[in-house]
Amino acid sequence: MPPQEPEPTELHVCHRCLVRLDASAGGVDLPRRLKETLSAHGLAGSTVVIPSGCLGYCPMGRVSVLVLPGSGTGAHVQLIDPEKDGEDLAEHLARLPSPTALP
């Protein structure tokens with residue numbers, strides 16, 4: 001039996017953070033921009049962006065993203081700058097250990 005591909009890393013983006021942003025930050029458009037940035041960094045196949053409800057972190061001028069690695073361990077909240085269009089999130093994901101294929 002061939003090994004299974006690892007599950008993608010889930011990125012749950014707090015909708016409440018998005019709507020609280022200043023209109024100039026383009027908050028509600030951030031998930032699309034995140035997907036584009038992740039794709040440009042070669043992470044589109046290993047991540048999925050999912051809108052979520054409130055994550056309990058309410059940073060001023062930032063957006064909370066719950067990172068659920070495909071390995072199933074190491075879930076954490078990452079605060080990102082919406083003006084960076086996900087560049088800071090892509091850099092963070094690149095530093096995470098890469099999941100291995102399941103037997």
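Predicted model: local features only at pLDDT ≥ 70, side-chain atom pairs only at ≥ 80, totals over all residues.

Trainee: OK, helices. How do α2 and α3 cross, and at what angle?
Mentor: Helix α2 covers residues 30-40 and helix α3 covers residues 87-95. Their axes come within 9 Å and cross at roughly 45°.

Trainee: Why give an angle and a distance?
Mentor: Two packed helices are described by the angle between their axes and the distance between the axes.

Trainee: What do we call the way α2 and α3 lie to each other?
Mentor: Oblique. Angles under 35 degrees would count as roughly parallel, and 65 to 115 as roughly perpendicular. The crossing of α2 with α3 is roughly 45°, so the two helices are oblique to each other.

Trainee: Is that crossing left-handed or right-handed?
Mentor: Right-handed, as α2 passes α3.

Trainee: Which residues meet there?
Mentor: From α2, look at Leu34, Thr37 and Leu38. From α3, they meet Glu87, Leu89, Ala90 and Leu93. That contact divides into 5 nonpolar residues, 1 polar and 1 charged.

Trainee: Let me pick out Thr37. Buried or exposed?
Mentor: Buried. Threonine 37 sits in helix α2, and its relative accessibility is 9%. Under 20% counts as buried.

Trainee: Where is aspartate 85, then?
Mentor: In the loop between β4 and α3. Aspartate 85 counts as partly exposed, at 30% relative accessibility.

Trainee: New topic: the core. How many residues does the largest nonpolar core have?
Mentor: It has 19 residues. Leu11, Val63 and Val65 have the most contacts inside it. The elements that give two or more residues to this core are β1, α1 (15-20), α2, β3 and α3.

Trainee: What does leucine 11 touch?
Mentor: Residues up to four places away in sequence don't count here. Among the contacts of leucine 11 are Leu38, Val49, Ile50, Val65, Leu89 and Leu93.

Trainee: Now strand β4. Is isoleucine 80 buried or exposed?
Mentor: Isoleucine 80 is in strand β4. It is buried, at 0% relative accessibility. Beyond four places in sequence, isoleucine 80 is in contact with Leu30, Leu34, Arg62, Val63, Val65, Asp88 and Leu89.

Trainee: What about aspartate 81, where is that?
Mentor: In the loop between β4 and α3. Aspartate 81 is buried too, with a relative accessible area of 16%. Leaving aside neighbours within four places, its contacts are Arg62 and Asp88.

Trainee: How far is aspartate 81 from valine 63?
Mentor: Their C-alpha atoms are separated by 6.5 Å. Along the chain, the two are 18 residues apart.

Trainee: Last one. What does glycine 70 touch?
Mentor: Glu7, Pro8 and Thr9, again not counting residues up to four places away. Glycine 70 lies in the loop between β3 and β4. Its C-alpha atom is separated from that of alanine 94 by 14 Å.

Key. Residues numbered from 1 in each chain as written. Heavy atoms only, no water. Axes fitted to C-alpha atoms, helices over the stretch in contact; angles between N-to-C directions. Helix = DSSP H or I, 4+ residues; strand = E, 2+ residues; numbered from the N terminus. Parallel < 35°, antiparallel > 145°, perpendicular 65-115°, else oblique. Left-handed = near helix turned anticlockwise from the far one by under 90°. Contact = heavy atoms within 4.5 Å. Nonpolar A, V, L, I, M, F, W, Y, C, P; charged D, E, K, R; others polar. Core = buried A, V, L, I, M, F, W, Y, C linked by side-chain atoms within 4.5 Å. Buried < 20%, exposed > 50% of the residue type's maximum accessible area, 1.4 Å probe, protein only.
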